[in-house]
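I shall take the structure now on the screen part by part.

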Amino acid sequence: MKRRVLAAVACVLTLLAAACSTSKDDADDGGTPAQAVQRSGLLADNGACDSSKPVYKIGMMTPFQTAAIAHRSQVDAAEAAITAFNSRGGIAGHCIDLEPCDTHFDPNGELDCARQFADGDVVATINDTTQNSADVTSTLQTAGLARVGGFPNVADIGVKNLFPIGGGSTGNVFMVIPPLAQTGVSKIALIAIDTPAFQRVPDLMKPMLEAHGAEITKLIPVAAGTTDYQQFVLAATDSGAKGAALITQPADTAQVLRAAQQLSSPLKFSLSLGTSSLTDLKQFGTAVKNVTFVSEVPPVTGSRERWPVLGDVLADFQASGESDLRPENVDAGDLKSWMSVLALVQVLGKAGDPDDVSRKAVLDAFSTAKNVDMHGLIPSWTPLATGPGLFGGVSDPWYYQVTFDPDSGQFTVSDKLLNLVSEFAGEADYAQPS
Amino acid sequence: MQSFLQFLIVGLGSGAVYAMFAQGAVLIYRGSGLVNFGQGAIGTLAAYVTFVDLQQDRGVPTVPALLAGIAVAVAVSLLFQWLVLRPLRSAAPIVRVIATVGLLGLVQAVVVQRYGATTVSVDEYLPHDVWIVGGVAIQEQRVWLVAISALLTGALWAWTRYTRTGLAISASAQNERAVQTLGWSPNRLAAVTWGLGGGIGGLAAVLVAPLTGLSPVGLTIVVTIAALAAALLGGFSSFPLTFVGGLVVGLGEALATRYNSDIERWLHQSQITGLNRAAGFLVILVVLVLRGRSLPLRSHVADRLPRLGSGVVNARGVLIGAAVTLALLFGVFGDSWAQATYVSLATGVMVLSIVVLTGYAGQLSLAQWALAGIGALAAGQLVRHGLPVELAIPLGVLITVAVGAVFALPALRTRGVNLAVVTLGLGFTVSEVVFANGDYLGDGLDGGTRIGPVTLFGLEVDAVNHPHRWAVVCLVAFVVIALVVANLRRSRTGRRLIAVRTNERAATSLGISVVGVKLYAFAVAAGIAAVGGILTAFQFSVIKYDRFDVFTSVSQVGFAVIGGLGYALGAVFAAPNAVGGLGSEALDALFGLGGWITIIGAALVILMLLANQHGIADVVVRHHRGRAAARRAETPVELAEAERVAPATLRVAGLTVRFGAVVAVADVGFEVHPGEIVGLIGPNGAGKTTIIDAVTGFVKPSAGTIHLDDAAVHRLGATRRARLGIRRSFQSLELFDDLPVEDNLRAGSEAGASRISWLTDLIWPVSRPLSPTALAAVRGFELEEHLRKLPGELPYGRRRHVGIARALASGPSILLLDEPAAGLDEAESRELASLIRELATERGMGILLVEHDMPMVMSTCDRIVCIEFGKVIATGTPDQVRGDPAVVAAYLGTAEPESESEPEVVDAGEGRAPAMSES
């Protein structure tokens, strides 16, 4: 018996060793080194930050690596951004330090992280991902912590310490309609994750749909553990829809699109670019040609002519040496981590007293900042928004419309941006940002 | 029509995949008696190795990569069987099932760590043309999947039917020891089934990967829910029926997606969620419940369960434990540790519900966490609508108790692995249909039930802002419920639960309502689960229900097994294992394990099971057991004299029993009067036990009447007949092996306890002495020194005595003894005969004695009925029957020349009968 237990232990250790090596290990990469990415020259370089000055301690709570979701790359992206910005002078000479907290995608884990930040010496958080929004929000709000970037949920919208970049997962849900409607698709099926939150969505979409003369023909829930995705494409076609808006997990998105390809479905699709990288998009098959993506931020490997600073983003990521930050692997979430750090530098560097490294100072700086230059990645940004309605607190309501050519691997981004607040209110005509 | 056919084809394709996974599960079950929850995870690993490690990273061609991936699945399965299941061969089946849950967790965690959570799409490699037939697109790939699945089904069927190894595997599942005597090694057979079953799982995974993509959890869900549902329809034994089951599930899914809107309109619902996942399962559930039996067959062997605790409360230990916890909470623990404490305590409450339902009542339900969610939903909605928390919680618990009784309904017709899978499906259905439907949860966009910060009796106790206070609330709940569960164990009601757990047939024969016990166990466990769910959900201001998933239910059973399934104390050791509980907090704090916690945790589950299959509580308690037993043994048992029973006559007329086309008993009639011993003899297979089964209500007669005095009992159930005074013993003893002898006798005499005792036993389990009748049985069978022992500790003869004493304990008017002398030596038989005679003469019992021991029968009985092929061929006094030519020809045979010694006479007071000489 003892021998068997020892054998079992040996087996477990072997399994652990197998788990230790990832399938794409940097050390095993025998390929040619990536070419150095050209920087834009837009970012000020004031030399390394001064480590003798008080440090801006920044928190970041997100699930690192779970079976369902993994945002480890966003943490890596934040660390890469912080390292890079520190080398360029940090926040007015102050160094930035990241304190990441793994939520394990568990509500208790999120609360634990929130308490940790609230009780610790973190002065702000960036790019948080939470599902237990109400209690995390209240904890961080009570603690007076500014939350920059991140994926705001319903409970987060409208709070005064949240400065999201984009409309988050909630905004993404609604923004998948206009791209289809604008191309003349008036009958749209919603293929969505089977959760209670999405069941209210068709009702809330009514003003938007009316403004575009469109209708939702059917809400098609996608359950976990689905085997055959063709049933969803067929259900959408059956309902008379000419287009389908996908509000699904990345795992399901690829399979739905591939199912459409197998069925040679003429359906047009719209979905959030979300956390899909180039590698992910290549898995979507040729059906991706029928897809219009919406995104709060430009594709990371998008046009450098239009967004020169993307060169700096990629260069900062490259400098980290992390495999999940290679150009083919980065996604919008990683970019938002970088942008959150940029926001800190831009806002706090121009704040009244950058040497006041306190929660109040950070919160006040973001609350009063206006027209923050994000180097064109998003329109000129005033972090605090206090408008009415569900998305009144979204300070950056602009979305890009993106298509992808699988053959060339290139993105095409429409010049016309979509406005979440206007669209949600049923206003289809609105001025574009300058 | 086109649309319908299109969905049909989609459904057939996915159904074929479910069937393949299910065949692997069925094969493993047939060979080892286990449901392998790790099947999906093994398949997932095989698929990742095939498509990522080999094809993508190393450019290995498709076929060799597929074969290598399947080989990995075979290897992992074999390793698991050799390293884990073999050492656990003698463990209770539930322990081995939990080991497979550990396998699931470990392999899945390794996959996540190695490959990440990102889904990987897999290109199709089977031929994938599209044929358009009548406007319907038929995909060649789906046809291939159906064909492969059908071929696999046929191959497995033929193999298990026509090959020696296949037959041996099937036989091994029925009776391992018998197969061993035929020269087959059960270990080798189990290894073959595990290897093959794992390989089939790998094959299914690599075939389905182009449809589903690769993700760490996708296939686990498919296998756990859809494939097990298909296996359930096949009874975990028939490959063809399993294939059909898979298709049913797949078709149900596809057509439910197609007609979801129509069904919503038909049922006047704005939305129905989860119907596509639940549809197939619900069909299978209905079929099973219709097909099931309320009582197990004679051949049914109850699954062993881990050891039981005594329920004795160490008051000092409880106080010290509570005090230490409070001291740590308010003296040492910061918010993180306070949070870990209340998370652990809430899990501990859940574990207690499993102890009651599975540990005590033997009902393996995997729906407890769903019931916890129901409790949270009920209480949460009441709070949302303005009811104070102090009222909402008990009302939520009561509502859940009622729902729990509904969940018990499948348990009335199914048992064992079927029950486990059915409850898994029920829990899954609840989470898909109820917890995913916003109409039931609340009106917010957050998809939950908003309850706000919780206050109790004016004190703010919300976990977000006051984690220490919430931990105290959880501690109080845990301690109170643990005491209630311990009370239950020590009580009459607890004995009833354990009687049903151990042997439903024997329990019924003693007047214990198996239906009542199961309903009660499910209801009480549901109430406790509701408390656990409320403690978990009320930690947050918005209750989200996606956490109440079936996999957590399975994990919690695992925690209970590790802690000690039969011990209320087990919850203390199980609780820290919770995700985010004290265990993971400690591991993280000490070793900074981070993302490795899941792997370490899963590995620890397996290692802890290997170390002690009865749980940690068993180890802790055992060294106290000797001292406690000695203390109890000192308490003298006051014996009483026998009382006469209420006289009654048993009249059987025209009794006919059919099993299909076979007439087992035909037109049998006899009477048993008070104080009379009637022998029932006949060759093996004559129908003697069937007659006893029919008289006691275990078998329904096709014709005939059975009266107890003037009361017709042939339409009454077995429980009712037992309570009216008809009791029996069993050929195969069928004792309650988990209860000491004293409690076996108590179970025999407590069936008539008042109904209020079901409730009062939770609060104040009254310790009554053994009834005078039971004590008389103790005296009569000289069991005084053996009362504290478990039946397994007694020699065979003594166990026979316990079986009879148990049947006697309530003082029945009519006692039916089924081969009570089987396995006894001559002296023991004579002693038994004397006791039987005493029961008739001293106590006035009417006794029907079925025996093959002719000296005993002839010397003990007043009259004898002889049957052959289910018909009475002779009836009369022993002398008359002995000399009857038909009896001689059918059973007794030609008499040997008489010996010169005088025939032995059994002196039992009145009613003496001469003993028949040995022939």
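A word on terms: helices here are DSSP runs of H or I with at least four residues, strands are DSSP runs of E with at least two, and both are numbered from the N terminus. By that definition, chain B contains 37 helices and 18 strands. Please bear in mind throughout that this is a predicted model.

Let me begin with the overall form of chain B. Its C-alpha trace extends over about 95 × 70 × 55 Å along the principal axes. How does the radius of gyration of chain B agree with that of a compact globule? For 919 residues, a compact globule would have a value near 29 Å, and chain B has 30 Å, so the two agree. As to burial, 61% of the 919 residues in chain B count as buried. Among contacts in chain B with a separation of 6 or more, 77% are between residues 24 or more positions apart.

I turn next to one strand of chain B and its two partners. Strand β7 of chain B, residues 650-659, runs antiparallel to strand β8 of chain B, residues 662-672, and seven bridges join them. Within this pair, B:Leu650 lies opposite B:Val672 of β8(B). Two residues stand between β7(B) and β8(B), which together form a hairpin. In the turn of that hairpin, B:Gly660 has a positive phi of about 65 degrees.

Which other strand does β7(B) run antiparallel to, with five bridges? That partner is strand β10 of chain B, residues 703-708. Here B:Ala653 has B:Thr705 of β10(B) as its bridge partner. As a general point, side chains in a regular strand alternate between the two faces of the sheet.

Now to the interface. Contacts between the chains involve 75 residues of chain B and 64 residues of chain A. On the chain B side, these comprise 35 nonpolar, 30 polar and ten charged residues.

Finally, chain A. Its domain assignment gives domain 1 as 56-166 + 304-368 and domain 2 as 171-295 + 398-424. How many residues does each domain of chain A bring to the contact? Domain 1 of chain A supplies eight residues and domain 2 of chain A supplies nine. On the domain 1 side, three are nonpolar, three polar and two charged. The centres of these two domains of chain A, taken over C-alpha atoms, are 28 Å apart.

Thank you for your attention.

Technical notes: Residues numbered from 1 in each chain as written. Chains lettered and ligands numbered in written order. Predicted model: local features only at pLDDT ≥ 70, side-chain atom pairs only at ≥ 80, totals over all residues. Pairing = 2+ DSSP bridges. Contact = placed C-beta atoms within 7 Å. Nonpolar A, V, L, I, M, F, W, Y, C, P; charged D, E, K, R; others polar. Rg over C-alpha atoms; globule rule 2.2 N^0.38 Å. Buried ≥ 20, exposed ≤ 12 C-beta atoms within 10 Å, placed from the backbone. Domains from an automatic or database assignment.
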